[in-house]
Amino acid sequence: MTDGTTVTIVLGTRPEIIKLAPVIDACEEREIAYSVVHTGQHYSEELDTVFFDQLELPAPDHNLGVGSGSQSEQTGAMIREIETVLLDEQPELVLVQGDTNSVLAGAIAASKLDCEVGHVEAGLRSFDRTMPEEVNRVLADHAADYCFAPTEQAAGYLREEGIDDDDTIHVTGNTIVDAVMGYRDLAAAKSDVLGELGLDAGDFCLLTAHRAENVDDRERFESLLDGVARFARDADLDVVYPVHPRANERLAAFDLAMPDEITPIDAQDFLDFLRLESTATLVLTDSGGVQEETCILGTPCVTLRDNTERPETVDVGANRIVGVAADGIVTGAHEALSQQNGWENPFGDGHSADRILDIAGIGSAASVGEVHG
Ligand code: UD1
Ligand code: UDP
């Protein structure tokens, strides 16, 4: 879509495809001239095309094919390639979402050209600059003309950093609520993942672990698996672990054995993963998106990290930050199981995508107003 492009959406990884799907759908509904640039950061079918197919998204207009690499090698290659596309398309607005290297590259490239930049899911802070994601989200926020913050807390962090409150910061909710509300019932109706895996609803745990700070460190990864296995033994629960390719690669490189209590499975498509999240007794994760989704779905979560940029999930009682020491995982997981759920979803009402386009003045307003609950 070279002539008259209004919005260019830059994405590159599994969570961006899922969280930008509602924005792409809203662009379609408003008949906006938009284009999608895929950086190619994720390229394996299970992290990429499976989501375009299942969420019925049009194929990207551009796939930059950047692939894997060191932080700067990957980010630098993306900046160069994104700039070429943007110079050609000259969109009015470039949207990026989240905190990956694709987000940083899109924000940097666009911020130096004659267009506005919108950062979806702005203002999240773990205050841990050793994580590449924290650096990416801070820099993307400061490069953006629109910071679409999911919650008031995120907006508050942006204000504290001196970002212009009136013009730049907008509380929209998180587009993951749009996606979960849009697909939860379909997942319940269509997914047969429980039958395929021989699981009973309410009688298993779901594990995801892929973050660099956990799986690239042999001791942390081993301790994480040990803690989850010990808890599973104590609680007499099966654990299924859809393994991200990064974790798979590290398991092999470290020659780490998977404990018997944990069943590794392929990374799942969105409907099957939503079904697993909705029916699990407990979810153990180091994912950002999974902390949000479990909070929205009403499933208790323990986070296998030392901090979170999603404190709202902890504040409402949906999530506990337990680290990766085995004892902490066992204690935290038992506590999470014994607690009542029924918390409120802090991430908005499922109209975030329309709100974002309304605020940016793109297409006919959907009149969704301010974010509620
Ligand atoms: C990236 C994000 C992380 C996000 C995750 C979502 C950064 C710095 N990290 O991590 O925040 O949580 O995506 O899933 O942007 N690989 C494949 N196939 C692929 C992609 C990667 O096999 O399609 C393997 C390669 O061995 C690669 C490794 O995974 O070296 C890491 O990939 P990379 O894109 O650098 O980071 P992620 O761990 O996926
Ligand atoms: N997800 C999925 N299949 C899986 C694991 C995760 O569809 O096997 C989805 C999950 O529903 C969520 C997103 O991937 O929407 C989270 O992505 P990830 O954990 O890779 O990245 P993060 O959110 O940590 O950046």
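**Figure 1. Salt bridge between arginine 159 and aspartate 165 in the predicted model.** Arginine 159 is partly exposed, at 35% relative accessibility. The side chain of arginine 159 meets that of aspartate 165 in a salt bridge, with an N to O distance of 3.0 Å. Aspartate 165 likewise counts as partly exposed, with a relative accessibility of 33%.

**Figure 2. Salt bridge between arginine 233 and glutamate 261.** The closest N and O atoms of this pair are 2.7 Å apart. Arginine 233 belongs to helix α11 (residues 218–235), whereas glutamate 261 lies in the loop between α12 (245–254) and β10 (262–266); the pair therefore ties together parts that are 28 residues apart in sequence. Glutamate 261 is partly exposed, at 21% relative accessibility.

**Figure 3. Network of salt bridges with shared partners.** Lys19, Asp99, Glu121, Glu134, Arg137, Glu213, Glu292, Arg305, Glu309 and Arg310 are joined into one network. The count for the model comes to 26 salt bridges.

**Figure 4. Salt bridge between arginine 30 and aspartate 358.** The closest N and O atoms are 2.7 Å apart. Arginine 30 is located in the loop between α1 (14–29) and β2 (34–38) and aspartate 358 in helix α17 (residues 352–359), so this contact ties together parts that are 328 residues apart in sequence. Arginine 30 is buried, at 12% relative accessibility, while aspartate 358 is partly exposed, at 23%.

**Figure 5. Negative surface patch.** Asp200, Asp203, Asp236 and Asp238 form the patch. Aspartate 238 lies in strand β9 (residues 238–243) and is partly exposed, with a relative accessible area of 48%.

How values were computed
Residues numbered from 1 in each chain as written. Chains lettered and ligands numbered in written order. Predicted model: local features only at pLDDT ≥ 70, side-chain atom pairs only at ≥ 80, totals over all residues. Heavy atoms only, no water. Patch = residues over 30% accessible without salt bridge, like charges linked within 9 Å, V, L, I, M, F, W, Y side chains within 5 Å. Areas by Shrake-Rupley, 256 points an atom, 1.4 Å probe, with all protein chains shown as cover. Salt bridge = Lys/Arg side-chain N within 4 Å of Asp/Glu carboxyl O. Lys, Arg positive; Asp, Glu negative; His and termini not counted. Charge placed at Lys NZ, Arg CZ, Asp CG, Glu CD. Helix = DSSP H or I, 4+ residues; strand = E, 2+ residues; numbered from the N terminus. Buried < 20%, exposed > 50% of the residue type's maximum accessible area, 1.4 Å probe, protein only.
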